[in-house]
Amino acid sequence: MSNPKFTPEEALAFHLEPTPGKFEITATVPMTTQRDLSLAYSPGVAVPCLAIADNPELAYDYTNKGNLVAVISNGTAVLGLGNLGALGSKPVMEGKSVLFKRFADVNSIDIELDTEDPDAFCNAVRLMGPTFGGINLEDIKAPECFIIEQRLKEEMDIPVFHDDQHGTAVICAAGLLNALHLSGKKIEDVRIVLNGAGAAGIACLELLKAMGARNENCIMCDTKGVIYQGRTEGMNQWKSAHAVRTDLRTLDDAMKDCDVFLGVSAKGAVTQEMVASMAPDPVIFAMANPDPEITPEEAHAVREDAIVATGRSDYPNQVNNVLGFPYLFRGALDVQARAINDEMKIACAQALAALAREDVPDEVDMAYGRKLTFGRDYIIPTPFDPRLIYTIPPAVARACMDTGAARRPIVDMEAYEASLKSRMDPTASIMRSINSRARAAQARMIFAEGDDPRVLRAAVQYQRAGMGAALVVGRQSDVEAKLQAIGMADAVAELEVVNAANSPHFDEYRDFLYQRLQRKGHDRQDAHRLAAHDRHVFAALMLAHGHGDGLVTGATRKSAHVLELINHVFDADAEHGVVGVTAVMLKGRIVLISDTLVHEWPDQEDLATIAERSAAVARHLGLEPRVAFVSFSTFGYPVSERAEKMYQAPKVLEARGVDFEYEGEMTVDVALNVTAQEAYPFQRLTGPANILVVPARHSASISVKLMQEMAGAIVIGPILSGVDKSIQICSTTSTANDIVNMAALAACKVE
């Protein structure tokens, strides 16, 4: 997978819209009535305050301390950008906070401290200790990072973890375990050369030594060469701890006959000659970012037997810290750890290594667009593997308990693992899978509304994300002016702008349209006017003639009107079994609601067809369908002829012999709540429904918009199913990112 391309303007817009920054704080308790306020604050809050004052451990029960991590930096070593200062580091720290939430459901707050004095930094963090369950230090330059972390670990009774050091070390160790497994070597026997004696490099070597690597077999190098006993130039106490007795003086010398190279240094630090001089089956972890010490292509050109890992996502075996820190903290927080020790880091590395050797789930293969199998090109799990959340934290928690660092040990580990599975957010993996399939499809996507800045931004993003070619319907001068206005003038040359005036196929389009409409009250002039002046019709004609692979439209007109225009070209109506399915995503749950677009008042046969179409969409999204026909009644009560068709629709499905779960009629709470379902032991759903088939289009529309406006749900759709060609209709409130998502759906055609 390649790194996505984007302009500075796109990156700024991402952080600006819809609100500045990348996350917000929301209440987890009701705050609507006077009683709610009295319980949340004065006088009710006094009760837990007194309880915690009497027993400080109760803070984990009555506050968010137990699932709250601080991401703290002074901005002295921000990414590869250098000392940007505390405020300059804030976007990165916000990003780290949302990664905690996204991957391990850990709440996190970013804190930027405006000081380069280690004493002042330590005092500030130590004084904030009661607030948090853990501290993640980030982007602090060496050697201050060593001083700060060591002091805070000694002074605080919660985990303190400098991810730039230990996060890299854990993932590196996991990959190395598997690389050595494949090459038939043992960690205690191999010769290891590390280049880059900064925070990450030193932590890597320290962890590997804790795991069995011998001190005399490990050579550390920096910009001045080998760190050997007796060297004085450029030394400090942390480098000196890894100095060895050796005659080797340069990286070139050290690489000869070594088994493992670990690089956390700079682009081009390793040459092909150095790689060629390594021992058989060499392991090369070239982890410099954004460009490795040597690329996999360069290494394999001279050593086909090499196992190579980098820090980049566009090469196999990415050493990515997001595989470690969220799950380390998840496990540590869940046992209320006093620290993250070496045993916990080793347990994390070993669990990651073991996971990579297991069969990879289909959804992971689908997300990455290729079959992943343990071997030289897959020694580290991928960041989006859903098993990470319930595999790594239990291993970390066990190690914490075994070493006596846990305040509250977990008694039932199986129940704990089950609870971790419930923290998974299926919506993110679904969208990643869709995007990966879109990149594989390389569809020529028609964007019908080239006069809208959102659509133009989406077209550029679609193309730059490597999904395929973007064809924009509009006037060249208008497109150029609008791209210029939104700061994307450089994209003008990238997009293909098409319209009736410059199309060599216009006469063919017009004649085709006249054949479609001549018996529907339209004359030849009407057909000409529609084809020449309506961009939705023109775009549909392009698609019908194979001059594009998919179509995205609807951002500037109501979806029902757009569908009516598309119907001039395609049979996209209720009579032909076409259905609009809308995906509603909220708090890690996804529910499909249908039909939100086509059927005004479906009968039981229509409802059964809607269910079948919706089930196909669900499977396309990677969900196993569970359909509920919803109404205001549940299994016949209260009695109403309005609910009769919802009662009959499951019988129609039964007669059709479909291969998915379905049930009804039932109220929405019974459909979505397992506890409510238990009151009806005869019902056939094995879990909460993920498809709600509603009585009419108006009830579908009300449901979706209510969830969107009142609950802040993410809405994708309506996803059009049942049309011969791939067409997706956006809503008029769509953002550029929403339109890109719809384009990705159109690229991997929904049947």
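The model is predicted. It contains 11 aromatic pairs, and four phenylalanines, Phe100, Phe161, Phe325 and Phe329, form one aromatic cluster. The largest nonpolar core comprises 99 residues, and a second, separate core has 64 residues.

**Aromatic pairs and their cluster**

- The structure holds 11 aromatic pairs, and one of them is formed by Phe100 and Phe325. The geometry of this pair is edge-to-face, with 4.9 Å centre to centre and 70 degrees between the planes.
- This pair links distant parts of the chain, since Phe100 belongs to helix H6 (residues 90-104) and Phe325 to helix H15 (residues 325-334), 225 residues apart.
- Phe100 has a relative accessibility of 0% and therefore counts as buried. Phe325 is likewise buried, with a relative accessible area of 1%.
- Phe161 and Phe329 form another edge-to-face pair, at 5.9 Å centre to centre and with 90 degrees between the planes.
- Because Phe161 lies in strand S4 (residues 160-162) and Phe329 in helix H15, their pair ties together parts that are 168 residues apart in sequence. Both Phe161 and Phe329 are buried.
- Phe100, Phe161, Phe325 and Phe329 together make up one aromatic cluster.

**Charges over rings**

- Lys96 places its charged end over the ring of Phe325, at 3.9 Å from the ring centre.
- Arg102 has its charged end over the ring of Phe103, at 4.6 Å from the ring centre.

**Nonpolar cores**

- Within the largest nonpolar core, of 99 residues, the members with the most contacts inside the core are Ile72, Ile135, Leu137, Ile192, Leu262, Phe285 and Leu352.
- Helix H9 (residues 163-183) gives the most to this core, contributing nine residues.
- Leaving aside neighbours within four places in sequence, Phe285 is in contact with Cys172, Gly175, Leu176, Phe261, Leu262, Gly263, Ala309, Val319 and Ile379.

**A buried loop residue**

- Asn567 is located in the loop between helix H26 (559-566) and strand S15 (579-586).
- Asn567 counts as buried because its relative accessibility is 18%, and the cut-off for buried is under 20%.
- With neighbours within four places in sequence left aside, the contacts of Asn567 are Arg516, Ala572 and Asp573.

Conventions. Residues are numbered from 1 along each chain as its sequence is written. This is a predicted model: local features need pLDDT of at least 70, side-chain atom pairs count only at pLDDT 80 or more; totals for chains, interfaces and linings use all residues. Side-chain values use heavy atoms; hydrogens and water are left out. Helices (H or I, at least four residues) and strands (E, at least two) are DSSP runs, numbered from the N terminus. Buried means under 20% relative accessible area, exposed over 50%, partly exposed in between (1.4 Å probe, protein chains only). Contact means heavy atoms within 4.5 Å. Rings of Phe, Tyr and Trp (its six-membered ring) pair if their centres lie within 6.5 Å; planes under 30 degrees apart count as stacked, over 60 as edge-to-face and the rest as tilted. A charge sits over a ring if NZ of Lys or CZ of Arg is within 6 Å of the ring centre and within 35 degrees of the ring normal. A nonpolar core is a set of buried Ala, Val, Leu, Ile, Met, Phe, Trp, Tyr and Cys residues joined through side-chain atoms within 4.5 Å.
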